[in-house]
Amino acid sequence: MEREELQAAVDELMRQYHAEEIDANTYSQQMMELTAAAQEE
């Protein structure tokens, strides 16, 4: 995953959380998945 892709995914995740489209548990789980995917590269 490119840095730009990761940043876009994080920004979208934050937007969804702030718009209350997702809850805190979903936010943290998806953030951990993004972090793990970025570290695997």
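What follows are my entries on salt bridges and surface charge.

Ground rules first. I am working with a predicted model, where local features need pLDDT of at least 70, side-chain atom pairs count only at pLDDT 80 or more, and totals for chains, interfaces and linings use all residues. Residues are numbered from 1 along each chain as its sequence is written, and side-chain values use heavy atoms, with hydrogens and water left out.

Entry, salt bridges. I looked for a side-chain nitrogen of Lys or Arg within 4 Å of a carboxyl oxygen of Asp or Glu, and the structure holds 2 such bridges. Arg15 meets Glu12 at 2.8 Å, N to O. Arg15 also bridges to Glu21, with the closest N and O atoms 3.1 Å apart. I note that this links Glu12, Arg15 and Glu21 in a network.

Entry, spacing. Arg15 and Glu12 are 3 residues apart in helix 1, so about one helical turn separates them. Helices here are DSSP runs (H or I, at least four residues), numbered from the N terminus.

Entry, cover. I call a residue buried under 20% relative accessible area, exposed over 50%, and partly exposed in between (1.4 Å probe, protein chains only). Arg15 is partly exposed at 40%, Glu12 is partly exposed at 34%, and Glu21 is partly exposed at 48%.

Entry, surface patch. Which residues gather in a patch of negative charge on the surface? I found Glu2, Glu4, Glu5, Glu40 and Glu41. Patch members have over 30% relative accessible area and no salt bridge, and like charges are joined within 9 Å. I checked Glu4: it lies in helix 1 (residues 3–18) and counts as exposed at 57% relative accessibility.

Methods:
Patch = residues over 30% accessible without salt bridge, like charges linked within 9 Å, V, L, I, M, F, W, Y side chains within 5 Å. Areas by Shrake-Rupley, 256 points an atom, 1.4 Å probe, with all protein chains shown as cover. Lys, Arg positive; Asp, Glu negative; His and termini not counted. Charge placed at Lys NZ, Arg CZ, Asp CG, Glu CD. Helix = DSSP H or I, 4+ residues; strand = E, 2+ residues; numbered from the N terminus.
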